[in-house]
Amino acid sequence: MSVGRMKLVWVRALWPESSAASWPSTARLSSLLRLAVAIAVVASASSRLALAAAPQLEPPSPAVLAEARAIAEAMKLAERGPYSRVLWYCQDGSILPPLAYACVDHGGGRQHAEYSDPRIRLAELGWSVGTVFAALPWDELWDGERRHQRLRELVLERYLVDADDGWVLRRARNVRGRVQIEDEEAAGQKLLERLLSKPAWTAENFLLAREAVRALPHNGGSDRTRTIRRLALEIAERDRGFERTRIRIHSSPGPDDLVATRDWLKGAPARGIAPDLVALGDQLAAELERLYGSDREWQRSLERALTAWPDAAALAALRGIDAGGAPDPATRVARWAAALGAVRDRVSSSDRGAANIRLLDLSLELERRLQIDAFAALGSRASRGELVTLASTLLDAAYGCGLHSGRERDALAAPLLRLGSGGPVPTASYLEAVRGLRRAGPWSLSTVRSVFAEPLVRYIALEPKAGRFTDELLRGSPLLGLAETTTRLAFDADSVSGIAHRVFGETYGGLLGLNPGVATGRLRVVGDGQLADGLELGRDEIVVLPATVSELPPVGGILTLAEGNLLSHVQLLARNLGI
């Protein structure tokens, strides 16, 4: 057994289907992540067997955490956040006041904010927040001895800024002179080019490299799907009338989300919706319009990538595909998946940093396109054969996004390929293939946890909202469509095999235990809006939910009346609570 394969087996055995958002105890979390990091270091440097180089991963002590939280909370309220003055930083090393053209006689320079003393102290404690990329040296980013912790941390930091209304930059984002966007993008581009000119490192750390392109500023882009999910959640938390639309956006996104949001906005005046909430709805509608209503951004991204990779048949075949003249959704999904895999293979073997950035930008756009088309393909009454084909295609896409290795993809896809080999299919083979598919989600979860182990420990301790990072990453990936496809195949496989379930002494078909287990407690039916009104629930209660929710206090068990899949909020919530 290779060292890399040992990593997969050991980490998954110790991390079952629990989520990074809420492990049972800090001590257990520390031990599991320490082992994961140690094994990952061995896997990434197996030729040197560098187990001794594994960083010691300890959770913050109560004293450190209390100090760090106090600093972070103060930054959220401070007008300048984690910064003090705005200064000029000249090429010759001079640091000058913010006067016009201050660096002209010093070889030029850049103007940006200076880190405040509290920010410097927070970095000493283990959290380097409010990063100014124009001031980020390569040596700080490229920290191979510590598994590139700063780079991994940057992804979490940027996620919190996007997901938590700026986080520590809540009041500081609009401070004049804090950063110059052109300088930030130029610095981010330079850092990414240097990072992606190392094919051996990129091949070994593809998911991290891809997420770095998502996080670091370089071309004015943003993660639109993540922004859409955040806005939908903010609106639903304040207006329960938007909850059904929020559920659809998070569970089965599609163009109807734009129609539903516009309908909500039309009814907002009659319902007395606050102006600032209407403004959030307008922002959400604008983001949905960009995602579903226009292909101009997609065409620009495609053209940039084709320039970087003009000989790529897999990408050239995509030219001209648009909303008006495209083939059916399932065919488009297959093309997006093939292109995602081709991009991964190309970037992992190329030292052309600038070209690789353009290809990974395209990869992120392909991922968004694929998710839209995957749910469009699922929207029709797909046959068993079509579902099996779609599942195999989405496994290819998960590989292309860095969530599965090639060996993992092959292991999950092999039983599906045998189903399509012709001739009658034994029921046992069908059940085996479908049950194997259910490993795709947990394996992807383990991949994300292994890659971002260190910052997940620190950032979840500092800001619990960081616990959503893993779920958000997977829900924005091909895994969301794969989870829904797997759920439908599981229902069908149970039906074909005659499997039934006994619940409260009655026999039923068509039930699916996505997080199966046994719990005993008082049954509590929760009505719409009760959780938002602060309903208190007990740890020994079995809670019946009329719809999926994204937050819930610890309870004994969950039943949901809404249909879900392996990545729906309520399933992730159950994993988070370990129930």
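So, how many residues does H17 have, and how far does H17 reach from its first C-alpha to its last? H17 has 27 residues, and the reach is 39 Å, close to the 39 Å expected at 1.5 Å a residue. One thing before I go on: what you see here is a predicted model.

Okay, staying with H17, which covers residues 353-379.

Now for a neighbour. H17 packs against helix H24, residues 478-497, at an angle of about 20°, and the two axes are 8 Å apart. Since an angle under 35 degrees counts as roughly parallel, that makes H17 roughly parallel to H24. The crossing, by the way, is left-handed.

Who makes the contact? From H17 you get Glu367, Leu370, Gln371, Phe375 and Leu378. On the H24 side there are Pro478, Leu480, Gly481, Glu484, Thr485 and Arg488. Sort them by class and you find five nonpolar, three polar and three charged residues.

Tyr101 sits in the loop between strand E2 (95-96) and strand E3 (109-115). Tyr101 is not a glycine, yet its phi is positive, about 55°. Then there's Trp167, in the loop between helix H6 (149-163) and helix H7 (181-195). Trp167 isn't a glycine either, and its phi is positive too, near 55°.

So which of these is buried or exposed? Tyr101 has 68% relative accessibility, so Tyr101 counts as exposed. Trp167, with a relative accessible area of 1%, is buried.

Technical notes: Residues are numbered from 1 along each chain as its sequence is written. This is a predicted model: local features need pLDDT of at least 70, side-chain atom pairs count only at pLDDT 80 or more; totals for chains, interfaces and linings use all residues. Side-chain values use heavy atoms; hydrogens and water are left out. Axes are lines fitted to C-alpha atoms, for helices over the stretch in contact, and angles run from 0 to 180 degrees between N-to-C directions. Helices (H or I, at least four residues) and strands (E, at least two) are DSSP runs, numbered from the N terminus. Angles under 35 degrees count as roughly parallel, over 145 as roughly antiparallel, 65 to 115 as roughly perpendicular and the rest as oblique. A crossing is left-handed if the near helix is turned anticlockwise from the far one by less than a right angle, and right-handed if clockwise. Contact means heavy atoms within 4.5 Å. Ala, Val, Leu, Ile, Met, Phe, Trp, Tyr, Cys and Pro count as nonpolar, Asp, Glu, Lys and Arg as charged, and the others, Gly among them, as polar. The expected span of a helix is 1.5 Å times one less than its number of residues. Buried means under 20% relative accessible area, exposed over 50%, partly exposed in between (1.4 Å probe, protein chains only).
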